There are 2 protein chains.
Amino acid sequence: MEVTGTYPELRRDPVTGIWSILAVGRSRRPGAGVDDEQNGEKTCPFCPGNELFTPPEVWAEGRESGEADSPGWKIRVIPNLYPALFPDAGTKGWRRGARRGVPAQGYHEVIIHSPHHRRSLADMDAEEALGLMRAYRSRYRHLKSLATVRQVMIILNHGREAGASLEHPHTQVFAIPMVPRAVRDELREARRMGECPLCRAASEAAEDGRQVAENRSFTAFAPYAARYPYETWFAPRRHGADFEKTSDAELEDMAEIIPTVLRGLRGLLHHPPYNLYLHSAPCDKGEYPYYHWHGVLIPRTVTEGGFELSTGMHINVTSPEEAARRLGETLEGLGYGKRYS
Amino acid sequence: MEVTGTYPELRRDPVTGIWSILAVGRSRRPGAGVDDEQNGEKTCPFCPGNELFTPPEVWAEGRESGEADSPGWKIRVIPNLYPALFPDAGTKGWRRGARRGVPAQGYHEVIIHSPHHRRSLADMDAEEALGLMRAYRSRYRHLKSLATVRQVMIILNHGREAGASLEHPHTQVFAIPMVPRAVRDELREARRMGECPLCRAASEAAEDGRQVAENRSFTAFAPYAARYPYETWFAPRRHGADFEKTSDAELEDMAEIIPTVLRGLRGLLHHPPYNLYLHSAPCDKGEYPYYHWHGVLIPRTVTEGGFELSTGMHINVTSPEEAARRLGETLEGLGYGKRYS
């Protein structure tokens with residue numbers, strides 16, 4: 001098997017046990033150092049009118065009339081032009097000595113947040129943000145239903161320093177044929193504890209003054225062992241393993257609390273780049289009574305050195321207590337924060 | 001327990017199981033955004049003549065006469081001025097609900113490679129590089145012998161984008177009171193395989209054309225599931241768990257192959273920032289028959305996005321086969337490479 005072949009491969013390192021996608025085609029994407037010509041604002045492939053620069057859309061909302069791949073949409077979903085995962089890659093794995101792998105089969109989509117080139121999630125009004133959360137749930141449900149998918153990851157990279165290769169706000173959705181290490185680790189911790197660690201963590205955050213914001217359905221808090229300065233978690237108050245089962249009312253509250261926290265961080269950290277992702281239970285027939293889906297927001301304000309790479313641990317120079325206090329004060333100054341409680 | 005107290009804390013996240021050091025004092029170090037005044041070349045605290053800007057040295061080599069903390073040294077080891085770990089932090093852990101932690105007790109040293117502000121490891125001649133490898137082994141041995149130390153990590157961050165906060169070439173040594181996740185994962189993989197995965201990986205790399213360089217005692221290769229473009233591993237040919245037991249002859253070969261590969265990457269990737277670290281067996285009474293100490297070199301040429309953070313997996317756009325081929329050719333062009341075999 002060779003990654004220079006037609007499709008990328010998912011390979012497992014025999015020493016570390018870590019899986020990596022060898023996706024040579026992605027080096028051609030804008031911002032990856034090659035073929036950068038589409039990366040100016042004028043030819044932004046995510047702006048209305050440029051629909052034909054992208055693969056044909058798989059979902060869109062807001063177009064009252066007109067054909068697919070024409071302007072008029074409010075949210076548009078397309079396959080990634082430089083995918084890390086391919087629907088047709090096959091599913092037959094291999095093992096040659098210590099070399100193990102499977103084809104990088106799966107789905108890699110892009111949700112274009114809006115027609116507006118510069119409207120980030122923090123800038124969106126309640127209706128726009130709710131539309132985006134609905135798109136998240138819709139694509140999650142669809143991809144979860146596909147036969148080979150074991151995990152659906154919804155990931156928003158904001159800013160070049162956070163890995164975004166195009167400026168126009170968008171979210172990536174990865175539907176992968178295995179349960180990734182980070183989720184397996186969380187499932188193991190939950191099994192060990194014999195109850196939901198996230199329910200505990202959220203209530204302990206409130207006790208410790210690490211809660212940042214809350215509303216009817218969600219709390220936002222700085223985790224006890226925050227890996228990064230101002231790392232913030234979004235936990236639905238209702239315990240449940242699966243983002244798919246989020247109610248309409250909960251989506252509304254999610255669409256309020258995430259942009260609220262982003263606005264606080266924007267003021268406090270001066271428009272930081274960030275990653276936002278959702279962790280939900282695996283898409284298999286398993287029962288995960290102690291798993292609790294959640295969102296994680298990581299401002300990318302520090303450069304990690306070799307300590308993190310070599311240990312799998314982190315050094316965080318901002319205590320979560322201090323981060324929560326400052327972020328909470330910023331939100332209060334903006335008129336948000338504790339008013340929800 | 002509060003991280004705003006005297007000492008940093010090592011905290012365990014109840015949801016992910018990940019440990020992080022909450023080290024608020026490190027935010028004051030040069031390059032961390034505060035108190036940057038020592039960061040110019042003129043007042044480089046690692047240059048000769050500026051010894052009193054650092055904590056008192058704990059080890060030095062090359063000073064034929066003169067007092068400690070005076071010029072004349074060739075290699076100098078000091079405690080980190082902004083440590084993540086403290087000798088006097090205590091060892092008593094705590095558990096309050098799901099909150100678990102221990103004091104960040106340990107040792108955090110800096111090995112200043114040479115008196116020369118701009119002489120990186122790739123620039124060093126054989127004797128200088130051997131002196132540095134000897135210093136690595138010497139500090140490793142000393143720190144390993146201390147009662148509370150469970151792991152000694154030797155980490156070279158080169159370039160600001162790789163997390164180096166000072167330009168003057170140096171290596172950090174972290175002696176920590178637990179076995180970090182990355183090493184535990186490798187121990188688990190080795191136990192599962194029932195033999196040494198690294199011996200297998202190195203021989204399979206040679207079979208697959210992923211070997212980059214070799215000499216009497218070491219091979220350098222691109223791992224099968226490389227996480228990063230041009231990730232390169234250094235494996236001693238002689239199977240052994242512990243860097244401490246490296247012979248003088250092996251140190252010589254280590255001091256040849258690492259700078260050689262660094263020179264190749266410097267040409268090929270145009271002076272990339274990088275992290276270099278050594279993985280060795282835990283410093284406890286355990287027997288680790290299948291563990292094989294090794295070095296890992298990661299050029300920092302890409303910005304990781306949310307995929308890596310959310311999954312614990314990696315997307316690598318350069319295949320290790322291609323990386324090894326190009327790096328091998330570069331080394332041959334420089335007169336290195338296969339001549340060792």
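This is a predicted model: local features need pLDDT of at least 70, side-chain atom pairs count only at pLDDT 80 or more; totals for chains, interfaces and linings use all residues.
**How the two chains sit together**

Let's start with the pair as a whole. Two copies of a chain are related by a rotation about an axis and a shift along it.

As for the contact itself, chain A puts in 71 residues and chain B puts in 70 residues. On the side of chain A that touches chain B, you'll find 34 nonpolar, 20 polar and 17 charged residues.

If you want a spot to look at, Glu9(A) has Leu22(A) in S2(A) as its bridge partner. The step across the chain boundary is a parallel one: S2(A) and S15(B) share 3 bridges.

**A covered strand in chain A**

Now move along to strand S12 (residues 232-236) of chain A. How many of its residues are buried? The count is 5 of 5, so to speak a strand that is mostly covered. Thr232(A), Phe234(A) and Pro236(A) point one way from S12(A), while Trp233(A) and Ala235(A) point the other way, and all are buried.

S12(A) pairs with strand S11 (residues 218-221) of chain A, antiparallel, through 4 bridges. S12(A) also pairs with strand S14 (residues 294-299) of chain A, again antiparallel, through 3 bridges.

Here are the bridge partners picked out in this report:

| Residue | Bridge partner | Strand of the partner |
|---|---|---|
| Glu9(A) | Leu22(A) | S2(A) |
| Ala220(A) | Phe234(A) | S12(A) |
| Thr232(A) | Leu297(A) | S14(A) |

**Two domains in chain A**

Chain A splits into domain 1 (9-178) and domain 2 (182-340). Taken over C-alpha atoms, the centres of domain 1 and domain 2 of chain A are separated by 23 Å. Where they touch, 26 residues of domain 1 of chain A are in contact with 25 residues of domain 2 of chain A.

What does domain 1 bring to that contact? Helix H1 (126-144) and strand S8 (151-158) of chain A each give at least two residues to the side that touches domain 2 of chain A. H1(A) supplies the largest share of that side, 9 residues. By class, this side of domain 1 of chain A has 15 nonpolar, 4 polar and 7 charged residues.

**A few loop residues**

Thr43(A) is found in the loop between S2 and strand S3 (59-61) of chain A. Is Thr43(A) buried or exposed? Thr43(A) has 12 other C-beta atoms within 10 Å, so it is exposed. Thr43(A) and Tyr277(A) are 234 residues apart in sequence, and their C-alpha atoms are 28 Å apart in space.

Most residues other than glycine have a negative phi. Asp69(A), though not a glycine, has a positive phi of about 60 degrees. Asp69(A) sits in the loop between S3 and strand S4 (75-79) of chain A, and counts as partly exposed because it has 16 C-beta neighbours inside 10 Å.

In chain B, His271(B) has a positive phi of about 55 degrees, and it is not a glycine either. His271(B) belongs to the loop between helix H4 (248-269) and strand S13 (274-279) of chain B. With 12 C-beta neighbours inside 10 Å, His271(B) counts as exposed.

Key. Residues are numbered from 1 along each chain as its sequence is written. Chains are lettered from A and ligands numbered from 1 in the order in which they are written. Two strands pair if DSSP finds at least two bridges between them. A residue is buried if 20 or more other C-beta atoms lie within 10 Å of its own, exposed if 12 or fewer, and partly exposed in between; C-beta atoms are placed from the backbone. Two residues are in contact if their C-beta atoms, placed from the backbone, lie within 7 Å. Ala, Val, Leu, Ile, Met, Phe, Trp, Tyr, Cys and Pro count as nonpolar, Asp, Glu, Lys and Arg as charged, and the others, Gly among them, as polar. Domain bounds come from an automatic or database domain assignment.
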